[in-house]
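Please have the sequence and the 3D view open while reading.

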Amino acid sequence: MSPKSGTPKKNLMLFSGRAHRELAEEVAEHLNVTITPQTAHTFANGELFVRFEESVRGTDAFVIQAHTTPINEYVMEQLIMVDALKRASAKRITVVMPFYPYARQDKKHKGREPISARLIADLFKTAGADRIMTVDLHTAQIQGFFDGPVDHLMAQTVLADHIKATYGDADITVVSPDSGRVRLAEKWAQQLGDRPIAFIHKTRDPDKPNQAVANRVVGKVEGKLCVLIDDMIDTGGTIVKATEALIDEGAADVVIATTHGILSDPATQRLSACKAREVIVTNSLPIPEEKRFPGLTVLSIAPMLAEAIQQVFEDGSVTSLFDGNA
């Protein structure tokens, strides 16, 4: 009895949670696809329900969700979407989370603490995810928490291109907000044209979240345009104190560049009142009008996400998108 031959056919389908539909639609436009229609609603007791309106059997599924407030609800929604796809026989499921939830809980500072970033990876693996795609992890070690491929995309190029176009002729120093991000500052300095670096020496009380004390600036910043970099801005306390320290040390100006604009209260008030010339973030998380202020620039990562999705779908190289540095 001879086997029956067939022609394998790959289909890319894009799915979006309800947290940041605008980003998903922009990614879909770059991919020249439509977001798969679905029914999604929340029951009176808070339970979530998702059902896709088209067959997903054998598809290469990409599920985009932004993990913003209320973060636990949106994590659960994406988990339910993955479970629905697995049970509907999707061939491969890629979870696209531009901002990795609970990324700051990547290790134990004291006894009896969770490693919640690992728990998130385990949850998505159990739900049925085959692959994770994310942008600018808080620490690179989180890639090892997921038992499968992790595409760690970098928004640094998007941010750095804007800075080069806007401030390329200025005397720039790249500044890390703490000693732990000096290596990242070195990469930024190289991409901006072999600029000098500096960092803020600070202390943080592990018992008081979102509070830091900027102590002193290490490096020469007097008369420089300081590009202050970080992976996220939550309440803005750390980055504003770092800005003040740089101005006190004689910096000519400060530009803040970060990937994830969480902007929890009172971040908008702090940033709009600080002495930074410009605050640059990406649209990895939705930034509603009430959180925007003069001096805030929001850059889109949709083209980068779309290109990475296309490479994964075609079994191409994601690393090549970042000159081999991903």
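UniProt positions are given in the numbering used here, feature names are shortened, and annotations may be inferred rather than shown by experiment. The model is a predicted one, in which local features need pLDDT of at least 70, side-chain atom pairs count only at pLDDT 80 or more, and totals for chains, interfaces and linings use all residues. Residues are numbered from 1 along each chain as its sequence is written, and side-chain values use heavy atoms, with hydrogens and water left out.

**Annotated sites**

In an unreviewed UniProt entry, the annotation "binding site" covers Asn45, Gly46, Glu47, Arg104 and Gln105. These residues span 61 residues in sequence, and their farthest two C-alpha atoms are 29.4 Å apart, so they do not all gather at one spot. Arg104 and Gln105 from this set belong to the lining of the second largest pocket. Gly46 is found in the loop between strand S2 (38-42) and strand S3 (48-52). Helices (H or I, at least four residues) and strands (E, at least two) are DSSP runs, numbered from the N terminus.

The unreviewed UniProt entry also places the feature "binding site" at Arg204, Asp230, Asp234, Thr235, Gly236, Gly237 and Thr238. Of these residues, Asp234 is included in the lining of the second largest pocket. Thr235 sits in the loop between strand S11 (225-233) and helix H6 (237-248).

**Pocket and cavity**

On a 1 Å grid over the protein atoms alone, a cavity is a set of points where a 1.4 Å probe fits but cannot get out, while a pocket is an open set with protein on both sides within 12 Å along at least five of seven lines; lining residues have an atom within 4 Å of a point. Grid points are joined across faces, edges and corners, and a volume is the space filled by probe spheres set on the points.

| Space | Volume |
|---|---|
| Second largest pocket | about 300 Å³ |
| Largest cavity | about 30 Å³ |

The second largest pocket is lined by 17 residues, and the closest to its centre are Ile71, Phe99, Tyr102, Arg104 and Ile262. Its lining draws at least three residues from each of domain 1 (12-153 + 303-320) and domain 2 (156-285). Domain bounds come from an automatic or database domain assignment.

The lining of the largest cavity includes Phe99, Tyr100, Asp231 and His260. Both domain 1 (12-153 + 303-320) and domain 2 (156-285) give residues to this lining, so the largest cavity lies between them.
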